Amino acid sequence: MSDEKIELLKKKLLSSIQARQSLERSYEKQFTSLTAFIGKLTNTCKGLDVELDNRLGKLRTHLNKNTNISKLEPLITELSKLLNQQSNKNAQQLQQAQVALLGAAKTLQKFKGLPNEFRRSLRGVIQQIEQPDNSYIHLIPVLTQLVNLYQEFATLEIKELEATPASTDDTAALEPLRQKASAELINILSHIAFSGENADKVDKIRHTLSSHVSAACLVESCVEVIRLVVGSITEERQSAQSFLFSLNDALSSVHSAVSTSISGSQSINESKQKLNAQLKDNLTGMSDEVNKATTLDGLKKQINLRIADIIDALNQKESLESQEHQLLIGSLSEMESRLKELEVEAEEYKKKLSEQRFKSLQDMLTKLPNRASLDERMELEYRRWMRYSHDLCVVVADIDHFKKINDKFGHSVGDRVLQIVAATLQKGLRETDYIARYGGEEFVLIFPESKLKEIDIKLNHLREAVNKIPFKFKNADLKVTISMGATQFKAIDQPQSAFDRADQALYKAKASGRNKVILTR
Ligand SMILES: Nc1nc2c(ncn2[C@@H]2O[C@H](COP(=O)(O)OP(=O)(O)OP(=O)(O)O)[C@@H](O)[C@H]2O)c(=O)[nH]1
C-alpha cells in the first residue's frame, strides 16, 4: 500500500473517531438531561405512596451515580408495577372525589330562592364535575369554584331560602342552618314573656334547643313555640275582652241611672208645673174674691179656703222637690259605686300590663334585662350621649368554654352557672351601670358617664370575681372564667358600630388565651 493511501486511511479513521466521540458526547449530554428529567419527574410523584417514594429515591440515586442502566432493570420493573397500582388507586379516588363533589353541588342546588347568577354558576360547576375524562388537575379549579359558591351561600340571607325536604345525605350540609335556626329561636324566646305553666314549657324548650337537637326536634320546638304564642295571645285577648265587658257594663248602668234620673225629673217637673198653675189660680181667685167681696166674714171664709189650697200645693211641691233630690242622690251614688268598681278593675289591668311589660324585658333564667331591654336602653343612652356628650362605654362579655361545662356537667349545671355569673356581675356594678343577657352565655354592659380607662379596673375586678366563684359540681371543683371586650363611644359611632368594636375586642380576648379584658378605642 502506497504511503498516500495509508495517509488517506489514517485521516478517515481519525475523522470517524472524532465523529464517534462527538456522538458519544451528545449521547452523554442527552443521557444526563434525561436522567435529570426523570429525577424531576419522580419528584412530582413524591408523597403518593411510601413504597413508591422509596423506590423512586433509589432510582434517583442510581441515576445520579450513572449506574449502568442494565443493572437498574429489576428496580424499573418493580417501579412500573407500583406506578400501575398507583394509577388504579388514583382513578378510584378521582371517581370518589367526583361523586362527593357532585353530591355537595347538588345539595346546594336543592335550595329554593337562590339568585339566578348563583344557580347558573352552580350548574356550570356540576357540568364540569360530570365530564367523563376528568383528572385531578381538572377537578382542582372546579373544587375552588364550589368552595367559593358555598362561601357565597353562607352569606346569603338564609330566611329567603327554603330547603326542600332533606335526604339523609343532606343532613350534614344543613347543619349550619339548623344551628342558626336553634339560636334564633332561643333568641326569640328571650324576647317574649310567658307566665305560669307556659313559662315552664318555654324553659324546657330553651333547654332542649341549647343542646344539639335534630332537625325534627327543632321543627317540633318551633311548632310548640307557635302554639304557646297563640295561646298567650288568646289569653291576653280574653283578659282585655273581659275588662272591656266590665267597662261596658259600668257605662250602661251609669247611662240607665242618668236616664232614670232624667225621666224622673221630667215627671216631677210636670207635677210641679201643675202645682204652680194651681197656686197661680188660687192667687188670681183670691184677688178676684177680694174685689168682689161685700162682707168681711164672707171674704175671710173665701180667703181661708184659698190659703188652705195654697198650703196644700206648697206642701206637695216640697215633697216633689225632696223626691227629685232623692232621685238625683240615688243615681249619683249608683254612678259613683260603678265608677269605683271600674277604677279598681282598671288599676288591676294596668298593674297586669306593667308586670307583663317588665317580664317581656327580663331574661327568665338570669332575671337580668334581656336583649329587647338592651336595645331600648342602648338607644336611650345613645340619645343621652348625643345630647350631653358624656362619656359612654359598652362592653361585651362571654363566659369561656361554656360548651364544655354543658357537655361535662349537663345543661342544668350550665344554667346554674349562668345564673350565678349573672348575679356576680350585677352585684359588682353601680346603680347607674347596666347589664343585660345578650343571649346564650354572652352579656352586654353599659357604663354611662365613664371613660374607658376608668372602667378597666372595674372590669378586671368583675373578671376576677367570676374566676373566684367557688363552683363545685359532682364533687369536682369548677373554674369559670370570663372574657371581655370594651370600647368607648366615638364621634362617628352608632350603637351598632360601638357594639361591633367591643365584640371584636372580645374576639381578641378569646384568641389571646381567654380570662382577659381587652380595651379598644
Ligand atoms: N345551659 C345552657 N347552655 C346554653 C344556653 N344558651 C346557650 N347555651 C350553650 O352555650 C354554648 C356556647 O358555646 P360556644 O358558642 O361554642 O362558646 P364557648 O364554649 O363558650 O367557647 P368560647 O366562647 O370560644 O370560649 C353552646 O353549647 C350552647 O348550647 C342556656 O341558656 N343554658
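Which strands does helix 12 lie across? Some notes on that and the rest of the fold; keep in mind that this is a predicted model.

1. Helix 12 on the sheet. To take the opening question: helix 12 lies across strand 3, strand 4, strand 5 and strand 8. Its direction runs at about 155 degrees to strand 4. Helix 14 (residues 495–511) packs on the sheet too, where it touches strand 3, strand 8 and strand 9. Against strand 8, the direction of helix 14 makes about 145 degrees.

2. You are looking at an open sheet of 5 strands, in the order 4-5-3-8-9, with mixed pairing. Strand 4 (434–439) and strand 9 (517–520) are the edges, each pairing on one side only. From one strand to the next, the twist averages 20 degrees.

3. Strand 3 and its neighbours. Strand 3 (residues 392–399) runs antiparallel to strand 5 (residues 442–448), and 7 bridges join the two. Look for valine 394 here, standing opposite isoleucine 446 of strand 5. Strand 3 is also joined by 7 bridges to strand 8 (residues 482–488), again antiparallel. On that side, alanine 397 has methionine 484 of strand 8 as its bridge partner.

4. Is strand 3 buried or exposed? Buried: 8 of its 8 residues count as such, so the strand is largely enclosed by the rest of the structure. Leu392, Val394, Val396 and Asp398 point one way, while Cys393, Val395, Ala397 and Ile399 point the other way. Both sets are buried, Asp398 included.

5. The ligand shell. There are 18 residues around the ligand, and the ones that come nearest are Ser210, Phe402, Lys403, Gly414 and Gly440. Helix 7 (196–210), strand 3, helix 11 (402–409) and helix 12 (411–427) each supply at least two residues of the shell. Helix 12 gives the largest share, 4 residues. By type, the shell has 4 nonpolar, 6 polar and 8 charged residues.

6. The axes of helix 2 (residues 50–64) and helix 3 (residues 69–109) come within 10 Å and cross at roughly 145 degrees. The crossing is left-handed. On the helix 2 side, the contact is made by Glu51, Leu52, Arg55, Leu56, Lys58, Leu59 and His62. Helix 3 answers with Leu72, Leu75, Glu78, Leu79, Leu82 and Gln86. The contact residues divide into 7 nonpolar, 2 polar and 4 charged.

Notes: Residues are numbered from 1 along each chain as its sequence is written. This is a predicted model: local features need pLDDT of at least 70, side-chain atom pairs count only at pLDDT 80 or more; totals for chains, interfaces and linings use all residues. Axes are lines fitted to C-alpha atoms, for helices over the stretch in contact, and angles run from 0 to 180 degrees between N-to-C directions. A crossing is left-handed if the near helix is turned anticlockwise from the far one by less than a right angle, and right-handed if clockwise. Two residues are in contact if their C-beta atoms, placed from the backbone, lie within 7 Å. Ala, Val, Leu, Ile, Met, Phe, Trp, Tyr, Cys and Pro count as nonpolar, Asp, Glu, Lys and Arg as charged, and the others, Gly among them, as polar. A residue is buried if 20 or more other C-beta atoms lie within 10 Å of its own, exposed if 12 or fewer, and partly exposed in between; C-beta atoms are placed from the backbone. Two strands pair if DSSP finds at least two bridges between them. A residue is near a molecule or strand if its C-beta atom, placed from the backbone, lies within 6 Å of it.
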